[in-house]
Amino acid sequence: MEDESSETRKRARVAILELANMISVPMSLNAVVRLNVADAIWQGGTNSPLSASEILARIHPSGGDPENLQRILRMLTSYGVFAEHLNADAIERKYSLTEIGKTLVTDGEGLSYAPYVLQHHQDALMRAWPLVHEAVLDSTTEPFVKANDEPAYDYYGKRPEMNGLMLKAMSGVSVPFMKAVLKGYSGFQGLERLVDVGGSAGDCLRMILHKYPIVQGINFDLPEVVAKAPNIPGVTHVGGDMFKSIPSADGIFMKWVLTTWTDYECKQIMENCYNALPVGGKLIACEPVLPKDSDDSHRTRALLEGDIFVMTIYRAKGKHRTEEEFKQLGHSVGFSHFQAFYVDYFYSILEFQK
Ligand SMILES: C[S@@+](CC[C@H](N)C(=O)[O-])C[C@H]1O[C@@H](n2cnc3c(N)ncnc32)[C@H](O)[C@@H]1O
């Protein structure tokens, strides 16, 4: 019989309750994004600690329930989104943004990680989550398809507001990452014509061209996506289907695309990339790369959690892969050289050379 008063059992009981209640975390994060709390605290960089009532007065001057806002802020403080400031008698709690919280602040270009949070918690995606176990019992149909009767990209494609949010979400995540890439990786040097496959709004190309103005950029994505993409000097938007063909170039860039597809589909995409490149041409892919160990670091957790997101929303057999799995995919379609560069904790750069 287990001794339920032992430290081990007490720790186990609280840990399983933490896991079982975990849904409060993303849903509260979604709530603070909906309420625009980060911008209200940030106020042009002041980031002065504010009470829930003071925040509420900024985001909803007509009223509301400050106690409930404080409950949310307090919980997210324990996840590092806010810093809590208690006065001497510990009665009044005030909140400022931490480095994590600052990722939700809208920057000068109108970007932040907030649209990514909203994108992940839209009704159509939420309907898929209670069906994760179905991906185990029957992986031929994704939970998203079971919940919504069609694949995610088809679903977004028919709904301009979802497409628009997806574009904003991708820009908000990709721009800071690309700043790090362009500082730590020089593989775009010498390229003359670069296609971004699945380039969304074209932010990655815009930033690459800013550093390498000699490059001619082709932003290639689904027709309904490029139709919404903004004009970018030096970039031509081309609508198409990467499973059919990819415009030719001496370099192909692809970020966060392979992950959402099965091995078979990745080979089709990579084969089309291979065919679009001259001998010596490079496919530069940026993808989440799984570590070998299953530890409890933020990096491993973010990568493993993203893997379940892909399984649930995009492809039941689409997945986050290890470096070796990517290397083998490249070899299988003919790429002779492979090299990985680690300039970020979430995405890695995978260079495949023809
Ligand atoms: C996860 S998003 C990544 C967007 C962008 N590369 C980034 O990292 O910000 C995947 C992109 O692939 C595009 N995509 C999906 N199916 C496609 C297809 N068959 N042909 C071309 N692009 C496709 C989507 O529209 C979307 O923009």
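Ground rule before the strands: I call two strands paired if DSSP finds at least two bridges between them. Helices (H or I, at least four residues) and strands (E, at least two) are DSSP runs, numbered from the N terminus.

Housekeeping: this is a predicted model, so I keep in mind that local features need pLDDT of at least 70 and side-chain atom pairs count only at pLDDT 80 or more, while totals for chains, interfaces and linings use all residues. Residues are numbered from 1 along each chain as its sequence is written.

**Entry: strands towards the end**
I looked up strand S10 (residues 337-341) and found it paired with S11 in the antiparallel sense, over five bridges. Phe-338 has Phe-352 in S11 as its bridge partner. A five-residue hairpin links S10 to S11. S11 (residues 347-353) also runs antiparallel to strand S8 (residues 282-290), with seven bridges joining them. There I noted Ile-284 opposite Glu-351 in S11.

**Entry: the three-stranded sheet**
What is the strand order in the open sheet of three strands? I get S1-S3-S2, with antiparallel pairing. Strand S1 (50-51) and strand S2 (82-86) are the edges, each with a single partner strand, so one side of each has no neighbour in the sheet. S1 and strand S3 (residues 93-97) are antiparallel and joined by two bridges. Leu-50 sits opposite Tyr-95 in S3. H5 packs on this sheet, touching S2 and S3, and its direction makes about 110 degrees with that of S2.

**Entry: H4 against H5**
The axes of helix H4 (residues 52-59) and helix H5 (residues 66-77) come within 8 Å and cross at roughly 110 degrees. Axes here are lines fitted to C-alpha atoms, for helices over the stretch in contact, and angles run from 0 to 180 degrees between N-to-C directions. H4 and H5 are therefore roughly perpendicular, a label that covers 65 to 115 degrees. For contacts (C-beta atoms, placed from the backbone, within 7 Å), I wrote down Ala-52, Ser-53, Ile-55 and Leu-56 of H4 meeting Pro-66, Leu-69, Gln-70 and Leu-73 of H5. The residues of that contact are six nonpolar, two polar and no charged. Classes: Ala, Val, Leu, Ile, Met, Phe, Trp, Tyr, Cys and Pro are nonpolar, Asp, Glu, Lys and Arg charged, and the others, Gly among them, polar.

**Entry: ligand**
I found 15 residues around the ligand, and the closest are Met-170, Ser-174, Gly-198, Met-242 and Lys-255. The cut-off is a C-beta atom, placed from the backbone, within 6 Å of the molecule. The shell has eight nonpolar, four polar and three charged residues.

Note on methods: Parallel < 35°, antiparallel > 145°, perpendicular 65-115°, else oblique. Contact = placed C-beta atoms within 7 Å.
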